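Please read the following points with the model open beside you.

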Amino acid sequence: MENFRKVRSEEAPVGGGAEGGGPSPGPFADLAPGAVHMRVKEGSKIRNLMAFATASMAQPATRAIVFSGCGRATTKTVTCAEILKRRLAGLHQVTRLRYRSVREVWQSLPPGSTPGQTTSEPAASLSVLKNVPGLAILLSKDALDPRQPGYQPPNPHPSPFSPSTAPTSKRSLGEPGAGEGSAKRSQPEPGAADEDQKA
């Protein structure tokens, strides 16, 4: 593939349904109409995603949110869901795995740019169909069916990262911290070295 460059990649239309790769139905067909869909991409900023998701879930009318991503964006999808679960307690979760079909179009490099290629050869294009793993995570304020696959109940314990769990005390740079002790380093006094040499 060193003589080709990728021109574009697009999501191939595969039949609908719960496991289809089409963007419209998704894996959660029975969602309320007010649910928020967050499509996480590889270049998305987590800070921007979480600002919008937190503001949306703070509204009483919004009862559910779906984070979905495929390929290299799956790790960001999981990160966004975990951050939101820590910010808002009592969210029910359902995770679904699926595959999306992505069609990549490659085109041969222009003539003369690679050794061994003559100017009489026409530009060739190549189409590659890939199955990319995807992930969709539903977080809901309302209770969900615990028998469905991928269900996780809300965490009954408070988050260990809440600001009120461990009080921190401020100290100046010169003071020792708790448990550090008050022992000082032994440093020679300015005139002590001269007295040792005289003796």
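**Notes on strand pairing, cores and a pocket**

1. Within β4, valine 102 is the bridge partner of glutamate 11. Glutamate 11 itself sits in strand β1.

2. The model is predicted: local features need pLDDT of at least 70, side-chain atom pairs count only at pLDDT 80 or more, and totals for chains, interfaces and linings use all residues. Residues are numbered from 1 along each chain as its sequence is written, and side-chain values use heavy atoms, with hydrogens and water left out.

3. The protein chain has three helices and six strands. Starting at the N terminus, their order is β-β-α-β-α-β-β-β-α. Of the 199 residues in the protein chain, 28% are buried. Buried means under 20% relative accessible area, exposed over 50%, and partly exposed in between, with a 1.4 Å probe and protein chains only.

4. Strand β4 covers residues 92-108, and twelve of its 17 residues are buried. Strand β1 (residues 4-11) pairs with β4 in the antiparallel sense over seven bridges. Two strands count as paired if DSSP finds at least two bridges between them.

5. β4 also runs antiparallel to strand β5 (residues 125-140), and 16 bridges join the two. Here arginine 98 has glycine 134 in β5 as its bridge partner. With strand β6 (residues 151-152), β4 pairs in the antiparallel sense over two bridges. In β6, tyrosine 151 is the bridge partner of valine 94.

6. Is glutamate 11 buried, exposed or partly exposed? Glutamate 11 is partly exposed, with a relative accessible area of 28%. The C-alpha atoms of glutamate 11 and lysine 130 are separated by 9.6 Å, although the two residues are 119 residues apart along the chain.

7. In soluble globular proteins, nonpolar side chains tend to be buried together. The largest nonpolar core of this model has 17 residues, and Met38, Ile65, Phe67, Leu84 and Leu139 have the most contacts inside it. A nonpolar core is a set of buried Ala, Val, Leu, Ile, Met, Phe, Trp, Tyr and Cys residues joined through side-chain atoms within 4.5 Å.

8. At least two residues of this core come from each of β2 (36-39), α1 (46-57), β3 (64-70), α2 (74-87) and β5. α1 gives the largest share, four residues. Apart from this core lies another, of eight residues, including Phe28, Ala64, Val94 and Leu138.

9. Which residues does methionine 38 touch, leaving aside its neighbours within four places in sequence? Methionine 38 is in contact with Leu49, Phe52, Ala53, Ile65, Val66, Phe67 and Ser68, where contact means heavy atoms within 4.5 Å.

10. The largest pocket has a volume of about 540 Å³. A pocket is an open set of points on a 1 Å grid over the protein atoms alone, where a 1.4 Å probe fits, with protein on both sides within 12 Å along at least five of seven lines; lining residues have an atom within 4 Å of a point. The volume is the space filled by probe spheres set on the points, which are joined across faces, edges and corners.

11. This largest pocket is lined by 19 residues, with Ser9, Cys70, Gly71, Val102 and Val132 nearest its centre. β1 supplies the largest share of the lining, four residues.
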